[in-house]
Amino acid sequence: SDLPVLVVRGDDDHLTDLADAVELRGKLPKGHFLGIPFAGHVAYADGEAVFLPAQRQFLQRDAGDEAR
């Protein structure tokens with residue numbers, strides 16, 4: 001798929017290895033990776049202060065790319 005995907009992982013995630021998340025990102029043509037420090041498996045909630053601005057930026061950038 002050519003859709004942009006943001007792979008998000010908390011640095012303290014004990015269920016998803018960093019290598020697996022990076023590998024997934026590498027398999028996606030428009031994949032991006034966000035590592036959230038001090039966050040576990042539910043990184044979007046554990047690291048909300050990092051996740052929300054990054055998600056907003058990702059969505060705005062993607063919307064700009066799609067408009068072209």
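This is a predicted model: local features need pLDDT of at least 70, side-chain atom pairs count only at pLDDT 80 or more; totals for chains, interfaces and linings use all residues.
Local features need pLDDT of at least 70 and side-chain atom pairs count only at pLDDT 80 or more, while totals for chains, interfaces and linings use all residues. Residues are numbered from 1 along each chain as its sequence is written, and side-chain values use heavy atoms, with hydrogens and water left out.

Colleague: Which residues make up the largest nonpolar core?

Modeller: A nonpolar core is a set of buried Ala, Val, Leu, Ile, Met, Phe, Trp, Tyr and Cys residues joined through side-chain atoms within 4.5 Å; buried means under 20% relative accessible area, exposed over 50%, and partly exposed in between (1.4 Å probe, protein chains only). The largest such core has six residues: L34, I36, A39, A43, F51 and A54.

Colleague: Which elements each supply at least two residues of this core?

Modeller: Helices (H or I, at least four residues) and strands (E, at least two) are DSSP runs, numbered from the N terminus. At least two core residues come from each of β2 (31-36) and α3 (48-67).

Colleague: Is E48 buried or partly exposed?

Modeller: E48 lies in helix α3. Beyond its neighbours within four places in sequence, E48 is in contact (heavy atoms within 4.5 Å) with A43 and P53. Because its relative accessible area is 45%, E48 is partly exposed.
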